[in-house]
Amino acid sequence: MNTKTFRTALALLLSASANLAVAQSAPQVIDIPLSRPGEPVNVEIDILSARIEVVGEDRQDASFEVSVLDGARTIVTPSGTQSLKSGAYSVEVEERDNTISLDTDWRANKVSVLARVPRNANLELSTVNDGEIIVSNINGKLVLENVNGPITATNINGSVIAESVNEEISVSFTGISTDQAMSFTSVNGDLNLGLPANTGAELHIDSAEGEIVSDFEVDVQPSKPIVSREDGRHGVEVKVESVIIANVNGGGTVIKLKTLNGNINITKSGG
C-alpha cells in the first residue's frame, strides 16, 4: 500500500503595532486526511508550552485548530517602547501511515491546540511550561505528560499512563484494557481515578502524604518489597520498592498510583 504523507506548515509573523490588542490569535485550521481511513490513528504532540485538547469524534480524518496566546514582549524604537501582543511561530503537522505528528519551533508564547480525531486513537501528548492537557472520548492507549500543569481525561476506553509534577491528574474510564498496566504519578497533585463499577484491578498505591479514598471495597494484600536488579557495563543497580497492594473486585489490571503530597481518590464512573 502506498504511504501518503501530508505535510503542512504555517508561519505567522505579526508586526509591532500599538493597536494590536487581541488576547489570542485567530485559530489556524489544518485538515489532515488519513492514509487508511477507518483504522486506528496515532497522534503525537510535544510542545514546550501549550494547552493541548484532543477530542474523539465519529470521523475519517483529523482537524487541528492552532492559535497562539498573547506574550509580554516589547520592541524599542526611536519613538518609544511598544508591546508585541503576539509573535512569530511555525507549526508543522505531518501524517504518515496513519500517524500524525504536530511540531512547532515556536518558543515565545503559549500555543493552544484543539485536535479533533477519530475515536479509535493512540495518543502521546507532552508539554512542560504552564500547560494543560485535556482528552475526551478516546478508545485507545494514552501517554500523557505535563510537568507543570494538570491532566484531565474523560470517557476513555483503553489504557492511560499519566505523569505530572505539580498539578492534579483526573482520568475517568468507560472501560479499561485488561492486558495493559497503567500508571498515574504526580509529586504535588491529587490523583482522581474513575473506574467502571465492575472493574477488576490490582492497585499499587505509593503515597507519602495525603488521604486515600475509594468508592470500591478493597482487599489489601500483605506488603512485600519488590526488588529489581539491572546489570550494566558500568556496574549494578538494585532497586527496592514497597507499595500498598489492594485488589478491587478480585484483582485484575495492574494500576500504579503514586503521589508524594497529594490525595488519591478512586470513584465509580459510568460504563
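Predicted model: local features only at pLDDT ≥ 70, side-chain atom pairs only at ≥ 80, totals over all residues.
Residues are numbered from 1 along each chain as its sequence is written, and side-chain values use heavy atoms, with hydrogens and water left out.

Strand β23 covers residues 253-259; strands here are DSSP runs of E of at least two residues, helices are runs of H or I of at least four, and both are numbered from the N terminus. In a regular strand, side chains alternate between the two faces of the sheet. In β23, Thr 253, Ile 255, Leu 257 and Thr 259 form the covered face, while Val 254, Lys 256 and Lys 258 form the uncovered one. Strand β23 runs parallel to β15 (residues 182-186), to which 5 bridges join it. Strand β17 (residues 201-207) is also parallel to β23, with 7 bridges between them. Two strands are taken to pair if DSSP finds at least two bridges between them. Among the individual partners, Phe 184 is bridged to Leu 257 of β23, and Ala 201 stands opposite Thr 253 of that strand.

Phe 184 also belongs to the largest nonpolar core, which has 53 residues. Such a core is a set of buried Ala, Val, Leu, Ile, Met, Phe, Trp, Tyr and Cys residues joined through side-chain atoms within 4.5 Å. Buried means under 20% relative accessible area, exposed over 50%, and partly exposed in between, with a 1.4 Å probe and protein chains only. The residues with the most contacts inside the core are Phe 64, Val 135, Phe 173 and Phe 184. Not counting residues up to four places away in sequence, Phe 184 touches, among others, Val 160, Ala 162, Ile 169, Val 171 and Phe 173; contact means heavy atoms within 4.5 Å. The contacts of Phe 184 also include Ile 255, Lys 256, Leu 257 and Lys 258. In soluble globular proteins, nonpolar side chains tend to be buried together.

The whole structure holds 10 salt bridges, each defined as a side-chain nitrogen of Lys or Arg within 4 Å of a carboxyl oxygen of Asp or Glu. Arg 36 takes part in a salt bridge with Glu 39, in which the closest N and O atoms are 2.6 Å apart. A salt bridge also joins Arg 36 to Asp 97, at 2.2 Å from N to O. Asp 97 lies in the loop between β8 (89-96) and β9 (99-104), and Arg 36 in the loop between β2 (28-32) and β3, so this pair ties together parts that are 61 residues apart in sequence.

Arg 51 and Glu 132 form another salt bridge, with the closest N and O atoms 3.7 Å apart. This pair links distant parts of the chain, since Arg 51 is in strand β4 and Glu 132 in strand β12, 81 residues apart. Arg 51 is partly exposed at 27% relative accessibility, as is Glu 132 at 26%. A network of salt bridges links Glu 57, Arg 59, Asp 61 and Arg 116.

Two serines are buried. Ser 49, in the loop between β3 (41-47) and β4 (50-57), has a relative accessible area of 12%. The C-alpha atoms of Ser 49 and Gly 149 are separated by 9.9 Å, although the residues are 100 apart along the chain. Ser 170, in strand β14 (residues 169-176), has a relative accessible area of 17%. Leaving aside neighbours within four places in sequence, Ser 170 is in contact with Ile 151, Thr 152, Ala 153 and Asn 192.

Most residues other than glycine have a negative phi. Asp 130 has a positive phi, near 55°. Asp 130 lies in the loop between β11 (121-127) and β12 (132-146) and is exposed, with a relative accessible area of 53%. Phi of Asn 155 is also positive, near 55°, but Asn 155 is placed in strand β13 (residues 151-164) and is partly exposed at 41% relative accessibility.
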